[in-house]
Each structure stands twice: as C-alpha cells, then as structure tokens.
Amino acid sequence: MDALLFMIFAAIAVICGINLVVQTHPISSALSLVGVMGALAALYLLLGGEFIAAAQLVVYAGAIMVLFVFVIMLLNAGTEKKLAIRPWGKYLGAPLLLLFFGMMAYVVQRILPESSPVVFGAFQGGTAAEIGRSLFTVYLLPFEVTSVLILIAILGAIVLARKEVD
Amino acid sequence: MPLGPLPAAVPPSWYLTLSAILFALGVLGFLLRRNIITVFMSIELMLNAVNLSFVTFSYVLKRADGHIFSFFVMVVAAAEAAVGLAIILTVFKNRQTLEIDEVSSLKN
C-alpha cells in the first residue's frame with residue numbers, strides 16, 4: 001500500500017514537473033507546479049511530516065502560487081517565443097543533464113545502501129507539537145532571524161513595486 | 001534498484017531519487033525556458049526537490065531537524081517570491097517584456 005501510494009504521487013510529481021518544463025504558456029507551468037506541490041505534500045505525509053505537509057499546502061500551493069498566478073494574470077503573460085537552442089546546447093545539454101542526475105542517484109544509492117523501507121506511521125516526530133518545541137528551543141535564533149528576513153522582504157517588495165526605477 | 005513485483009514499502013533512496021529527478025527537471029527548466037516567470041518557477045521546483053530530501057533524511061535519522069530546515073527553506077522561498085515578483089513587475093513596467101534575453105543591461 002505504501003509503495004503504491006509512493007508510486008502514484010511520484011508519478012504525478014514527475015509528470016507535472018515535465019509538464020512545467022515543456023509548456024510554453026506560464027499559466028500552464030504554474031498549474032503544473034501546483035500539482036507537483038500537492039503530490040509532494042502527500043509524500044511528506046507518508047514520511048511522517050504532518051506539519052510540513054500542511055505548511056506545504058498552505059504556504060507553497062496556497063500563498064506563493066497564488067502570487068505567481070496573480071502576477072501572470074496582471075502582466076498578461078502570453079506564450080513565449082520559440083527559442084533557438086545553440087548547437088552545443090542541443091547535443092551536450094541532455095547528456096550532461098542525465099550525467100548530473102545519474103551522479104545524484106548514484107550518490108543516493110551509495111549513502112543509503114540498505115535501509116529499512118519507509119512505512120507510514122513509523123516516524124512520529126513530525127507533529128506540530130514536536131516541530132514547535134524544536135523551533136522555540138534549539139532553533140530559536142534562526143527562527144527570530146527569519147522574522148527579520150521576512151520584514152526586509154516585505155519592505156523590499158513594497159519599495160520595488162512602488163518606485164519607477166530606470 | 002530491483003525491478004519486478006512492487007514491494008510492500010519502498011526504501012528511502014527511492015524518495016531521494018525522486019528528489020534528484022525533480023531537481024534535474026528544475027535545472028532543465030531554468031536553462032531552457034525564456035520566460036522570466038517560468039524560470040522563477042523552475043527555481044521553486046528545485047527548492048521543493050531539496051525539501052523532499054530534507055524530509056526523507058529526517059525520516060531516516062528519526063529526528064525532526066530536517067523538517068525545521070525545510071520549514072526555513074519555505075520561509076526563504078516565500079520572501080524570495082515576494083521580492084522576485086516585485087522585480088519582475090518593475091522590469092515589465094520599464095521594458096514591456098518578459099523575455100529573459102531582452103533584459104541584458106548588465107551584459108558587457
């Protein structure tokens with residue numbers, strides 16, 4: 001059952017990811033990205049990350065993607081022009097990317113040769129209570145710094161969107 | 001990776017391989033697409049792939065730290081999206097284009 005669920009959501013994530021890259025209209029890409037994020041939220045649940053799964057849906061698929069769709073609609077972004085791929089990119093790009101992926105997969109198989117399979121419910125440390133305790137004890141300073149970062153980002157966004165820069 | 005009948009549960013390395021696939025797709029979109037918004041969304045895809053790795057390692061090590069890291073990544077991504085989309089709005093206001101190749105003031 002766990003493997004079946006993994007396969008289903010992994011397939012959704014990969015198909016939506018390919019669709020994101022292939023589509024030429026940004027709104028199709030945005031909707032594909034929402035699909036990837038939803039599938040990843042289900043995978044987080046399988047891995048025992050209740051809080052992270054909820055945050056993924058609320059923050060990523062909810063807030064950030066709405067911002068993206070809003071900007072796409074606001075700018076009335078159309079299909080992008082057919083791009084001219086340089087010849088070395090056409091012949092070297094795919095093999096290099098496959099090599100990159102192969103190296104990552106190889107490292108993954110090396111560092112986790114035979115670990116116990118992922119069973120739903122085997123890890124209970126991802127609840128909101130656990131995350132909150134960790135966030136306000138061990139990771140208190142990074143958490144507070146994060147709030148400063150968010151404040152700076154808000155100010156920066158307002159300044160950038162308001163002023164005419166030339 | 002054994003092929004054949006599906007086991008009852010998959011090992012964590014499959015999750016990490018999925019993360020690698022999604023990251024590679026993000027790199028591909030980042031390099032291939034010419035629309036500045038789609039390039040930005042490819043970056044978000046890469047961040048999501050890294051988050052999946054964090055949560056998987058958290059499961060393997062049976063500690064919640066990976067979840068905290070991926071929470072911080074989400075916060076940084078939100079800040080990045082706010083500032084980045086503001087920059088895109090400003091670029092569009094000044095140049096009336098979203099093509100990444102036409103915004104090349106810093107070149108040469």
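Residues are numbered from 1 along each chain as its sequence is written, chains are lettered from A and ligands numbered from 1 in the order in which they are written. Because the model is predicted, local features need pLDDT of at least 70 and side-chain atom pairs count only at pLDDT 80 or more, while totals for chains, interfaces and linings use all residues; side-chain values use heavy atoms, with hydrogens and water left out.

**Helix 3 of chain A**

Select residues 50-75 of chain A, which form helix 3 (helices are DSSP runs of H or I with at least four residues, numbered from the N terminus). Its 26 residues reach 36 Å from the first C-alpha to the last, close to the 38 Å expected at 1.5 Å a residue (the expected span being 1.5 Å times one less than the number of residues). Just after the helix, A:Asn76 takes a positive phi of about 55°.

**The largest nonpolar core**

Now select A:Phe68, B:Tyr15, B:Leu22 and B:Ile37, which touch the most other members of the 61 residues in the largest nonpolar core (a set of buried Ala, Val, Leu, Ile, Met, Phe, Trp, Tyr and Cys residues joined through side-chain atoms within 4.5 Å). Domain 1 (2-123) and domain 2 (127-166) of chain A both give residues to this core, so it lies between them; the domain bounds come from an automatic or database domain assignment. From B:Ile37, look for A:Phe68, A:Val71, A:Ile72, B:Ile88 and B:Leu98, which it touches when residues up to four places away in sequence are not counted (contact means heavy atoms within 4.5 Å).

**The salt bridges**

Over all chains the structure holds 2 salt bridges (a side-chain nitrogen of Lys or Arg within 4 Å of a carboxyl oxygen of Asp or Glu). Select A:Glu130 and A:Arg133, whose side chains meet at 3.4 Å, N to O. Finish at B:Arg63 and B:Asp65, paired at 3.2 Å, N to O, where B:Arg63 is partly exposed at 48% relative accessibility and B:Asp65 is buried at 18%.

Methods: Helix = DSSP H or I, 4+ residues; strand = E, 2+ residues; numbered from the N terminus. Buried < 20%, exposed > 50% of the residue type's maximum accessible area, 1.4 Å probe, protein only.
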